[in-house]
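Hi,

Here is the structure I promised to pass along. Have a look at it first, and my notes follow below.

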Amino acid sequence: MIRTFEDLDRLAPDKGPKKFIVLAPEDEEFMLAVKHSWQRGYIEPVLIGSREKIERLAGHVEFDIAPFEKIFESDRQGIANLGISMLFSGDVDMAGKGQIPTAFIYRSIIREESKVRKGTMVSVISLWDIAGLGHLTSLTDTGVNINPDFESKTEILKNAVFLFHLLGYPKPRISVLSGQREIGGTLESYRDFTRLRETAQKGDLGSCEVIEATSFTEIFLPGRKVFSRFSEIDIGKTDFPEIILMPNLSTGNILVKLDFVIPRVRRRSLVMTSRGPVIIPSRSDFHDAITGEIALGVVTADRVRKA
Amino acid sequence: MLRNFQDIREAARKEGKKRIVLTPSGPEGGPEALYDAVREGWVTPVFIGERSAADKTLREKGFSAHDFEIISEQDPRKCVMLALDMVRGKKADIVMQGTMENQLFLDLVLDREKGLMQGRVASFVSIFDPPTLDRLTMITDAYINNNPSITEKIAITENAIKLARVLGIGSPKIAALSAIEQVNPAIPSTMDAAILSKMAERKQFGDVIIEGPLDIDCAVSGKAAVRKGVQSSVTGQVDIYLVPNVEAGYLTAQISVFIAGMPMAGVLMGTSHPVIIHVPITSGENKLVEIALAVLLSGR
């Protein structure tokens, strides 16, 4: 079982180098991450994007890209389409988003998924490594579906359960998050919780368990409505789930990036397609974070192939 | 400018003593923080509820039942109505929720005829004292409104600005949050954020700066904002985070408390007099800060 990001970083050189198509590495931080990942043995990059920008940025970060395959293409949707089709055809093991609108990549994934008739819904899974927790957790969907309904949430959970099985968690626990509280009536997200719990119990989400808690308050203070002091709070003693389903995109996007203000939390995000991972760094991420996401992609790509 | 919870407590100490009504007072006599506030000399309590229970509790806390006013009333709803009458009649300054469930208590308090509703919209501001910052930060609306319309968001903004002024923040910097930092008609909260931003630019909120839409990374980190091409004096310097809906607000507040370990105190805004409600994410130790905030808001 992979419990920390350090586990991923240790495994990635053994599982690499994976063929990694980089969609528009036209940003210094991203190019630096590709360089470091190659130096560590994670990847063999295939670079696709603007020739002028790729060569200039590689020069800036002193990265000799002569040995690598390069595809020069300036049309953004064209880059996404080609890169993702190479992932689905098996020419590469994984893909990663550089300076290209995320929506273009999602569109390409949906197109390729429909071709292979998998119909996998596109959703972003953001892993969190929280100091003191003892296992990985995740927030999903943090990037695609604006207001997912029950059916969409079912698919989003299937993607996350699949990823956690790959990471070695045979029966991940799921919290269907809701802003349900003592006032304001019953929220749609809370209704979805009830239905998703039944769906999980029937086995329709794969091996997993939807837990009772639908909020962090319930995770940290089960059965209680008050707490006296912060010293009572210990994440290691909670029944903290592996998968936390977001009620909507606004909430997901805000919560997932709170790692910017919570030093004990680190984040790595990806999209799991039926043919392999696509890493989706935020445009505000720096090279260390992107390198970490590439390590995650390498390990999951390896396990997808074996699965 | 009040920069942390200690500053808030110090400021409360300098205010004149306020009368606070605990209603319904219930068998436990309210939170320990109420008695701490009494000992600090910030408030004089009035208890509305079962007299024998209030007598017993006061003795247990080391006070004499004769020291404070106890109004005997068995019916919880009448307890609250009596408290509301007292503050409207200037016989008390602050209402504190006792043993009544939140929905019923808020229904009574926010009633436009018999309650204390003053503004267009009531909203809840979670105030944080982050250990790594030298200032307070706020998130709103973190409890009351499920999916506020733009009209409601305007009122929520005004409520938060009012609180910021009480805290001495002269020109609050406000981030109108959404999932992305670009205006996108498919995501209505980006449009609302852009409207609020434009209204602020035209000084419709007075001396404030609102930037929006912003995603959270741009809001909290000036460096991240620059990476995304967002230039603003708000990024990395936010006083108030306006969230698109209550799920984002309440859950962000929960993560901030339970995972980030940030002390939080909450304030109900939009009422004519301060009302302290029970929200489970305020720790017992920070309930005292909520009382201090109510003292500061009283009469303003």
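A quick definition before anything else: strands here are DSSP runs of E with at least two residues, numbered from the N terminus. With that in hand, Pro213(B) sits in strand E8 of chain B, residues 209-214. Keep in mind that this is a predicted model.

Asp141(A) belongs to the loop that runs between strand E6 (137-140) and helix H6 (150-166) of chain A.

While you're checking torsions, look at two lysines in chain B. Lys90(B) is not a glycine, yet its phi is positive, about 60°. You'll find Lys90(B) in the loop between helix H4 (76-88) and E4. Lys203(B) also has a positive phi, near 65°, and lies in the loop between helix H7 (188-201) and E8. Is Lys90(B) buried or exposed? Its relative accessible area is 74%, so Lys90(B) is exposed. Lys203(B) counts as exposed as well, at 53%.

Now the sheet in chain B. Five strands make an open, parallel sheet, in the order E3-E2-E1-E4-E11. Its edges are E3 (69-72) and E11 (275-276), each of which pairs on one side only. E4 (residues 94-97) and E11(B) run parallel and are joined by 2 bridges; Val95(B) has Val275(B) as its bridge partner in E11(B).

One more spot in chain B: Val230(B), in the loop between helix H9 (222-227) and strand E9 (240-242). Its relative accessibility is 14%, so Val230(B) counts as buried. What does Val230(B) touch, apart from neighbours within four places in sequence? The contacts are Glu181(B), Leu214(B), Cys218(B), Ala225(B) and Thr235(B). Glu181(B) is 49 residues away in sequence, but the C-alpha atoms of the pair are 8.2 Å apart.

Finally, some totals for chain A. There are 10 helices and 11 strands, and 61% of the 307 residues are buried. Of the contacts with a separation of 6 or more, 73% link residues 24 or more positions apart. On the charge side, chain A carries 41 positive and 42 negative side chains, and the centres of the two sets are 2 Å apart.

Cheers

How values were computed. Residues are numbered from 1 along each chain as its sequence is written. Chains are lettered from A and ligands numbered from 1 in the order in which they are written. This is a predicted model: local features need pLDDT of at least 70, side-chain atom pairs count only at pLDDT 80 or more; totals for chains, interfaces and linings use all residues. Side-chain values use heavy atoms; hydrogens and water are left out. Helices (H or I, at least four residues) and strands (E, at least two) are DSSP runs, numbered from the N terminus. Buried means under 20% relative accessible area, exposed over 50%, partly exposed in between (1.4 Å probe, protein chains only). Contact means heavy atoms within 4.5 Å. Lys and Arg count as positive and Asp and Glu as negative; His and the chain ends are not counted. The place of a charge is taken as NZ of Lys, CZ of Arg, CG of Asp or CD of Glu. Two strands pair if DSSP finds at least two bridges between them.
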